[in-house]
Amino acid sequence: MTDEFGHEIIRLWEDPAPLATGDAAGDIPTLTVFLPPAELATGQAVVVCPGGGYGGLACDHEGYQIGAWLNERGIAAFMLRYRVAPYRHPAPLLDAQRAVRTVRARAAEWGVDPARIGIWGFSAGGHLVATVGTQPGACDPAATDPVDRVSARPDFLILCYPVISLTAPYSHFGSRDNLLGVPANPALSAALSAETQVTADTPPTFLFHTDADEGVPAENSVAFYLALRQAGVPAELHIYRPGGHGVGLAQSDEVLCTWPERLADWLRGLA
């Protein structure tokens, strides 16, 4: 299956996804494949998780544009359409873990280094990415499905204006309510506050936020960065003064549009 631009789309599970309640598009998590020209390919790959408050997916400026940007730099991209409300936790997390496993299991097919697979998320997609990075789940070497035999731990994380805490005053409670329901379970809210789950095994992380973001305040990124620092995990944090929430690559802002080059520098440092 392909989209209107010719990108391959693959289902994450051939059978109904775990916890699926139907067979409509919103019940079927998929990956859209963006492969760079062979002469540019670096071997890096990134699973891309658009934001949308766990109620929708901003697949244009936080999906398709990101896939094109990564391809221009020789990096393979895989845009994840994960399940959102009315689906609740753990469905989005299962989708994201499966996405990382799928790219790793099929790395040779796509010309990807299985040890250089990252995951990039925006807003609520950033919360999903931070959760995968801190709670990747265990693989099953004896599984009949070969995808389940490989690790879901990303090799690096990219978080853009992410929702991180589900309990702090600066959290985005709309995302929490879509993910956990109303009222949200306090224990689960605490367990899914990513800043509390960081360990020395959390992958290296790049974070971008803006000081003017009133939708998801920059304290979210700061809290995660400080937790990474305390755990001894390499991390880089950029907080730009201007810009609201959901700016994507910010191509129309002459100042903010420089932030992706900071990411490009960081990615080259991982190579």
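The lining of the second largest pocket comprises 4 nonpolar, 1 polar and 6 charged residues. The model is a predicted one. This pocket holds about 170 Å³ of space. Its lining consists of I10, R11, L12, W13, E14, D15, R98, T102, R106, D145 and V147. Strand 1 (9-11) and helix 2 are the elements that each give two or more residues to this lining.

T102 belongs to helix 2, which spans residues 91-105. The relative accessible area of T102 is 4%, so the residue counts as buried, the limit being under 20%. Beyond residues up to four places away in sequence, T102 touches I10, L12, L31, W110 and V147. Among these contacts, I10, L12 and V147 also line the second largest pocket.

L31 links this region to the core. The largest nonpolar core has 47 residues, and L31, V47, L80, V103 and F224 touch the most other members. A second, separate core has 28 residues, including V46, Y64, L256 and L267. In soluble globular proteins, nonpolar side chains tend to be buried together.

The largest pocket has a volume of about 310 Å³. Its lining contains 18 residues. A25, G26, D27, I28 and R81 lie nearest the centre of this pocket. By class, the lining of the largest pocket divides into 11 nonpolar, 3 polar and 4 charged residues.

Methods: Residues numbered from 1 in each chain as written. Predicted model: local features only at pLDDT ≥ 70, side-chain atom pairs only at ≥ 80, totals over all residues. Heavy atoms only, no water. Core = buried A, V, L, I, M, F, W, Y, C linked by side-chain atoms within 4.5 Å. Buried < 20%, exposed > 50% of the residue type's maximum accessible area, 1.4 Å probe, protein only. Helix = DSSP H or I, 4+ residues; strand = E, 2+ residues; numbered from the N terminus. Contact = heavy atoms within 4.5 Å. 1 Å grid on protein atoms, 1.4 Å probe; cavity = no way out; pocket = protein on both sides within 12 Å on 5 of 7 lines; lining within 4 Å. Points joined across faces, edges and corners; volume = space filled by probe spheres on them. Nonpolar A, V, L, I, M, F, W, Y, C, P; charged D, E, K, R; others polar.
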